[in-house]
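Thank you all for making the time this morning.

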Amino acid sequence: MTDMTTDITAARTVIDRGTLRERIEEPLMRGGQIGLLLLLALVFFLPVLGTLLTAVRTIPDITQNGAWALPSSYEWGNLGTAFIEMLPYLKASVIITLPSVAGTLLVSMMAGYALSRMRFQGRIWMFLVIVSLSFVPIHTQLIPVFRLMSDLGLHDTFISQIIVHIMRQIPFAVLIMTNFFNTVPGELREAGRIDGASEWTIFRRIYVPVARPALSALIVLEFTWIWNDLLWGLVLTQGAGKKPVTVGILSFEGEYEIAWNMVASGAVVAAIPTLAVFLAFQKHFIRGMTMGSVKG
Amino acid sequence: MAHVTINQVIKNYGAVRAIKGIDVGIEDGEFVALVGPSGCGKTTLLRMIAGLEDITGGTIEIGGKVVNGLQPKARDIAMVFQNYALYPHMKVADNMSFSMQLAGASKAEIKAKVEDAARILNLEPYLDRYPRELSGGQRQRVAMGRAIVRNPKVFLFDEPLSNLDAKLRVSMRAEIKSLHQRLGTTAVYVTHDQIEAMTMADKIVVMSAGRIEQVGTPLDLYDEPANLFVAAFIGSPSMNLLEAQVCNGGVRFADGTVLALTGTEGFETGRPVIAGIRPDTFELAERGLKVEVNVTEPTGAETQVVGQIGDKPVTCLMRERISGRYGDVLHVLPQGAVHLFDPETSLRLGTARAATVN
């Protein structure tokens, strides 16, 4: 009898410890995870917050109260001034970015379709070579490309920047488009052939529309990367006329002092187009996810 | 509408010969099924007719014209794919009219033809929908509508019902067959399901490993299979194939049981044969073959008894409701054809019948 009762109490104690551990450990773990995520979010957001705040401060405010103090007065006019002063640079960025994005998409879509759907000798090698081009560090390209553009007589032009941007984005874009077209069933092309479409028609009227989610994602990514590029804008240009907006922000840096509030305002103004592009395209690549052309 | 002739067609993939010299003649308006296990080459043959695969050797003629070098669009064929292959960004009406748009037909023509096909297939309420808004069966009908609109010489079907659930498959089978009877267009239908082939086709081509095993009407194949492969492939449940030796007045099984047969007189005693007995020919008999039951599977209309004769597995399909369990014993006799095959060549030797037991 005594054996039985000790067994029962032993069992009860084991159960109790279990739930006790669950009751304390689990919420602690969840709390810890949430805390860590909040910390990470803060780390990522703080620079943005800092920039936004700095943009609306005055220079005396910054010099006196340091980099992280809250604005003593809110100078919203700074943003307006930055916008007007950067207008030529904004225009230049548009002239550089839009053709670059369009050119990258055109080339990568056609390459992706060919590498994915058409059978020819050396297909896999070509794909590997194109993708491996992305491993070339940008630093090794700066001087040779500068010299190439100078030799071609394209120093300080828009076209040189456009060519370089397209060239640098092709590996990634081709990778994305090839892999995407690989997920589109080959029977679509065969059905198109039987319906009487030529290869180009199949590409233009069937595969390109179907690729809308991948295209939307690529547009957002390419636009952001090319718009935000600083290095090539610096290296390939000379006067103020062809400099993109990223380089334009540097114009707020004088020889003896830097107008941090204008630099910050410039950065805010420069960031708005990429944000707009993202918002415009995000619903496209989410909507395109439901496809019912084939089983499953 | 045209006849299709396949002459000594060979297909190589590199060093591998996938199709080893095939001859098939398909009459104008016939519904021909290409059946066989996975990898037998039936889909490859269909794709060669369509023009989606190159022909390594031999010729294929459609309507008397050799089409070996022609692109698919020039062959005047239409194909229905296993996974429908509908254009996801186009509405049903556009999917069906795409080929006509490419050919430059007028809007009025397109509208008329699409509505015609939609009426035949009961797709009228769905013309403005996208494929993703349709069920599997509806999508398959759109795929067929797309083929009908082309008004081709030959319809090609590549396992179109494989992706549908069982009940839908049964109803679509009847729909396709009645569609064929209504339109009268030559049709080549690939399937691995022999029941589909049996129920729908005018003629069946049984293939295995790149060769033709037998060509004939469904009942021809059922009643007189030319070899062991066709015997086992056609008919569900499969024919029982039992090793035996010819003896005086019948065949003797390995465990000594003798099955009295008429029709074995022409064979020498002791000759090894394989006796093929379809499960549904077995009837209960007082003095018959002894079957030890393993399981009984009642389907309502029949009972499938899985058991053994001696040590050989056997399946019997009985009309009666039999509630046997493991270990029970039944006595059965085949009331119908007993097919005899040569164990070495696999070829059919002849048909015998159970002798009436006195």
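**Domains, a sheet and an interface**

Let me begin inside chain B, where 7 residues of domain 1 of chain B are in contact with 10 residues of domain 2 of chain B. On the domain 1 side of that contact, the residues fall into 6 nonpolar and 1 polar, with no charged residues. Please keep in mind throughout that this is a predicted model, and that the domain bounds I quote come from an automatic or database domain assignment. With that assignment, domain 1 of chain B runs over 4-232 and domain 2 over 237-354, and the centres of these two domains, taken over C-alpha atoms, are separated by 38 Å.

Chain A can be described in the same terms. Its assignment gives domain 1 as 2-55 and domain 2 as 77-287, with C-alpha centres that lie 44 Å apart. Here 4 residues of domain 1 of chain A are in contact with 8 residues of domain 2 of chain A, and the domain 1 side of this contact is made of 2 nonpolar and 2 polar residues, again with no charged ones.

Now back to chain B as a whole. Its C-alpha trace spans about 75 × 45 × 35 Å along the principal axes, and its secondary structure comes to 8 helices and 20 strands. Of its 358 residues, 43% count as buried. If we take the contacts in chain B between residues at least 6 apart in sequence, 64% of them join residues at least 24 apart.

One element I would pick out is helix α1 of chain B, residues 42-50. Why do I describe this helix as largely enclosed by the rest of the structure? The reason is that 8 of its 9 residues are buried. Those buried residues are K42(B), T43(B), T44(B), L45(B), L46(B), M48(B), I49(B) and A50(B). The helix is followed by G51(B), which has a positive phi, near 100°.

Next, a sheet in chain B. This is an open sheet of 6 strands with mixed pairing, and the strand order is β6-β7-β8-β3-β9-β10. The edges are taken by β6 and β10 (211-216) of chain B, each of which has a single partner strand, so one side of each is left without a neighbour in the sheet. On average, neighbouring strands of this sheet are turned by 20° against each other, direction ignored. Looking within it, strand β7 (residues 154-158) and strand β8 (residues 186-191) of chain B pair in the parallel sense over 5 bridges, and F155(B) stands opposite A187(B) in β8(B).

Finally, where do chains A and B meet, and how many residues of each are in contact? There are 26 residues of chain B in contact with 20 residues of chain A. On the chain B side, β6 (77-80) and α2 (92-103) each supply at least two residues, and α2(B) gives the most, with 4 residues. By class, that side of chain B divides into 18 nonpolar, 5 polar and 3 charged residues. I would close by linking this to the sheet: β6 of chain B, which stands at an edge of the sheet, is also one of the elements supplying residues to the side that touches chain A.

Methods: Residues are numbered from 1 along each chain as its sequence is written. Chains are lettered from A and ligands numbered from 1 in the order in which they are written. This is a predicted model: local features need pLDDT of at least 70, side-chain atom pairs count only at pLDDT 80 or more; totals for chains, interfaces and linings use all residues. Two residues are in contact if their C-beta atoms, placed from the backbone, lie within 7 Å. Ala, Val, Leu, Ile, Met, Phe, Trp, Tyr, Cys and Pro count as nonpolar, Asp, Glu, Lys and Arg as charged, and the others, Gly among them, as polar. A residue is buried if 20 or more other C-beta atoms lie within 10 Å of its own, exposed if 12 or fewer, and partly exposed in between; C-beta atoms are placed from the backbone. Two strands pair if DSSP finds at least two bridges between them. Axes are lines fitted to C-alpha atoms, for helices over the stretch in contact, and angles run from 0 to 180 degrees between N-to-C directions.
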